[in-house]
Amino acid sequence: MIPAPAAGALDAAEEAVDLLLESGRAPGDILVLTTGEQHPWAVHELSFGEAAYWAQQDAGDDVFFADASAVDRAKPRPVVVVAANGDAGDAVARALPVARDRAAALLIVCGDPQTINSALGAGV
(Lines give C-alpha, C1' and ligand atoms only; values in the text may rest on other atoms or scores of the structure.)
Protein backbone atom coordinates (compact mmCIF):
# COMPACT_ATOMS: atom_id res chain seq x y z
CA MET A 1 0.00 0.00 0.00
CA ILE A 2 1.15 3.49 -0.84
CA PRO A 3 -0.56 6.03 1.44
CA ALA A 4 -1.97 9.05 -0.37
CA PRO A 5 -5.04 11.25 -0.10
CA ALA A 6 -7.76 10.43 -2.65
CA ALA A 7 -6.78 13.54 -4.61
CA GLY A 8 -3.17 12.29 -4.82
CA ALA A 9 -3.83 8.59 -5.40
CA LEU A 10 -3.53 8.82 -9.17
CA ASP A 11 -0.18 10.61 -8.89
CA ALA A 12 1.02 7.95 -6.44
CA ALA A 13 -0.09 5.22 -8.85
CA GLU A 14 1.79 6.87 -11.72
CA GLU A 15 4.92 7.07 -9.55
CA ALA A 16 4.53 3.37 -8.69
CA VAL A 17 4.25 2.53 -12.39
CA ASP A 18 7.38 4.57 -13.14
CA LEU A 19 9.30 2.71 -10.42
CA LEU A 20 8.08 -0.65 -11.70
CA LEU A 21 9.20 0.19 -15.23
CA GLU A 22 12.55 1.52 -14.02
CA SER A 23 13.10 -1.69 -12.07
CA GLY A 24 12.65 -3.79 -15.20
CA ARG A 25 8.95 -4.64 -15.33
CA ALA A 26 7.62 -4.82 -18.87
CA PRO A 27 4.89 -2.27 -19.63
CA GLY A 28 2.53 -5.07 -20.65
CA ASP A 29 2.83 -6.56 -17.15
CA ILE A 30 0.97 -3.64 -15.55
CA LEU A 31 -2.72 -2.90 -15.19
CA VAL A 32 -3.78 0.34 -13.48
CA LEU A 33 -7.32 0.64 -12.12
CA THR A 34 -8.91 3.89 -10.94
CA THR A 35 -11.86 4.02 -8.54
CA GLY A 36 -12.70 7.66 -9.19
CA GLU A 37 -11.96 9.84 -12.18
CA GLN A 38 -10.42 7.88 -15.04
CA HIS A 39 -6.76 8.22 -15.90
CA PRO A 40 -6.26 10.77 -18.72
CA TRP A 41 -4.74 8.05 -20.93
CA ALA A 42 -7.93 5.97 -20.66
CA VAL A 43 -10.10 8.99 -21.44
CA HIS A 44 -7.98 9.79 -24.50
CA GLU A 45 -7.96 6.21 -25.78
CA LEU A 46 -11.69 5.76 -25.23
CA SER A 47 -12.25 8.75 -27.51
CA PHE A 48 -11.28 6.40 -30.38
CA GLY A 49 -13.98 3.93 -29.40
CA GLU A 50 -14.43 1.05 -27.00
CA ALA A 51 -13.25 -1.61 -29.46
CA ALA A 52 -9.90 0.10 -30.10
CA TYR A 53 -9.45 0.77 -26.39
CA TRP A 54 -10.01 -2.83 -25.30
CA ALA A 55 -7.93 -4.14 -28.22
CA GLN A 56 -4.95 -2.43 -26.60
CA GLN A 57 -5.52 -4.49 -23.47
CA ASP A 58 -5.63 -7.64 -25.57
CA ALA A 59 -2.39 -6.69 -27.33
CA GLY A 60 -0.66 -6.47 -23.93
CA ASP A 61 2.14 -4.26 -25.24
CA ASP A 62 1.77 -1.38 -22.81
CA VAL A 63 0.52 -0.38 -19.39
CA PHE A 64 -3.26 -0.55 -19.52
CA PHE A 65 -5.42 1.93 -17.60
CA ALA A 66 -9.05 1.11 -16.81
CA ASP A 67 -11.86 2.31 -14.62
CA ALA A 68 -12.46 -0.01 -11.69
CA SER A 69 -16.09 -0.33 -12.74
CA ALA A 70 -14.77 -2.33 -15.72
CA VAL A 71 -12.48 -4.53 -13.62
CA ASP A 72 -14.45 -7.64 -14.56
CA ARG A 73 -13.46 -7.01 -18.17
CA ALA A 74 -9.80 -6.43 -17.33
CA LYS A 75 -7.52 -9.39 -17.97
CA PRO A 76 -5.07 -10.60 -15.35
CA ARG A 77 -1.59 -9.15 -15.42
CA PRO A 78 1.41 -9.79 -13.19
CA VAL A 79 1.04 -6.38 -11.53
CA VAL A 80 -2.15 -4.49 -10.73
CA VAL A 81 -1.99 -0.95 -9.37
CA VAL A 82 -5.19 0.46 -7.88
CA ALA A 83 -5.55 4.22 -7.55
CA ALA A 84 -8.23 4.74 -4.89
CA ASN A 85 -8.80 8.24 -6.24
CA GLY A 86 -12.50 8.49 -5.52
CA ASP A 87 -14.17 9.38 -2.26
CA ALA A 88 -16.60 6.45 -2.42
CA GLY A 89 -15.41 3.63 -0.20
CA ASP A 90 -17.93 1.30 -1.85
CA ALA A 91 -16.12 1.66 -5.21
CA VAL A 92 -12.87 0.72 -3.51
CA ALA A 93 -14.55 -2.20 -1.71
CA ARG A 94 -15.90 -3.54 -5.01
CA ALA A 95 -12.62 -3.09 -6.87
CA LEU A 96 -10.08 -4.52 -4.43
CA PRO A 97 -11.13 -8.18 -4.33
CA VAL A 98 -11.30 -8.41 -8.11
CA ALA A 99 -8.04 -6.47 -8.48
CA ARG A 100 -6.42 -8.96 -6.11
CA ASP A 101 -7.65 -11.79 -8.34
CA ARG A 102 -6.29 -10.05 -11.45
CA ALA A 103 -2.82 -9.53 -9.93
CA ALA A 104 -0.74 -12.62 -10.66
CA ALA A 105 2.29 -11.46 -8.67
CA LEU A 106 1.83 -8.03 -7.09
CA LEU A 107 -1.04 -5.76 -6.03
CA ILE A 108 -0.26 -2.13 -5.21
CA VAL A 109 -3.01 0.04 -3.75
CA CYS A 110 -2.55 3.81 -3.65
CA GLY A 111 -4.89 5.86 -1.52
CA ASP A 112 -6.12 6.76 1.91
CA PRO A 113 -5.19 3.89 4.27
CA GLN A 114 -8.34 4.35 6.36
CA THR A 115 -10.57 4.10 3.29
CA ILE A 116 -8.68 1.09 1.99
CA ASN A 117 -8.67 -0.71 5.35
CA SER A 118 -12.36 0.01 5.79
CA ALA A 119 -13.08 -1.33 2.32
CA LEU A 120 -11.18 -4.51 3.06
CA GLY A 121 -12.65 -4.91 6.50
CA ALA A 122 -9.16 -5.42 7.88
CA GLY A 123 -5.67 -3.94 7.85
CA VAL A 124 -3.65 -4.09 4.67
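Which residues have the most contacts inside the largest nonpolar core?

**Figure 1. The whole protein, shown as a predicted model.** Welcome to the overview. There are five helices and five strands here, and reading along the sequence gives the pattern β-α-β-α-α-β-β-α-β-α. The C-alpha trace spans about 35 × 30 × 25 Å along its principal axes. For 124 residues, a compact globule would have a radius of gyration near 14 Å, and the 13 Å of this protein agrees with that. Of the 124 residues, 43% count as buried. Among contacts between residues at least 6 apart in sequence, 70% join residues at least 24 apart.

Figure 2. The average pLDDT of the protein is 92, and 96% of the residues score at least 70.

**Figure 3. An open sheet of five strands.** To trace the sheet from one side to the other, follow the order β1-β5-β4-β2-β3; the pairing is parallel. β1 (2-3) and β3 stand at the edges with a single partner strand each, so one side of each has no neighbour in the sheet.

**Figure 4. A closer look at β4 and β5, a parallel pair.** Six bridges join these two strands.

**Figure 5. Helix α3 lying across β3 and β4.** The helix runs at about 130° to β3. Both strands, like α3, also give residues to the core of the next view.

**Figure 6. The largest nonpolar core, with 36 residues.** Here is the reply to the opening question: Ile30, Val32, Leu33, Val80, Val81 and Val82 have the most contacts inside this core. The elements that give two or more residues to the core are the helices α1 (9-22), α3 (50-59) and α4 (89-102), together with the strands β2 (30-34), β3 (64-67), β4 (77-83) and β5 (103-111). The largest share, seven residues, comes from α1. In soluble globular proteins, nonpolar side chains tend to be buried together.

**Figure 7. Val80 and its contacts.** This view picks out one of the core residues with the most contacts. Leaving aside neighbours within four places in sequence, Val80 is in contact with Leu31 and Leu33, with Ala99, Arg102 and Ala103, and with Leu106, Leu107 and Ile108.

Methods. Residues are numbered from 1 along each chain as its sequence is written. This is a predicted model: local features need pLDDT of at least 70, side-chain atom pairs count only at pLDDT 80 or more; totals for chains, interfaces and linings use all residues. Side-chain values use heavy atoms; hydrogens and water are left out. A nonpolar core is a set of buried Ala, Val, Leu, Ile, Met, Phe, Trp, Tyr and Cys residues joined through side-chain atoms within 4.5 Å. Buried means under 20% relative accessible area, exposed over 50%, partly exposed in between (1.4 Å probe, protein chains only). Helices (H or I, at least four residues) and strands (E, at least two) are DSSP runs, numbered from the N terminus. Contact means heavy atoms within 4.5 Å. Two strands pair if DSSP finds at least two bridges between them. Axes are lines fitted to C-alpha atoms, for helices over the stretch in contact, and angles run from 0 to 180 degrees between N-to-C directions. pLDDT is the predictor's confidence in each residue, from 0 to 100. The radius of gyration is taken over C-alpha atoms; the globule rule is 2.2 Å times the number of residues to the power 0.38.
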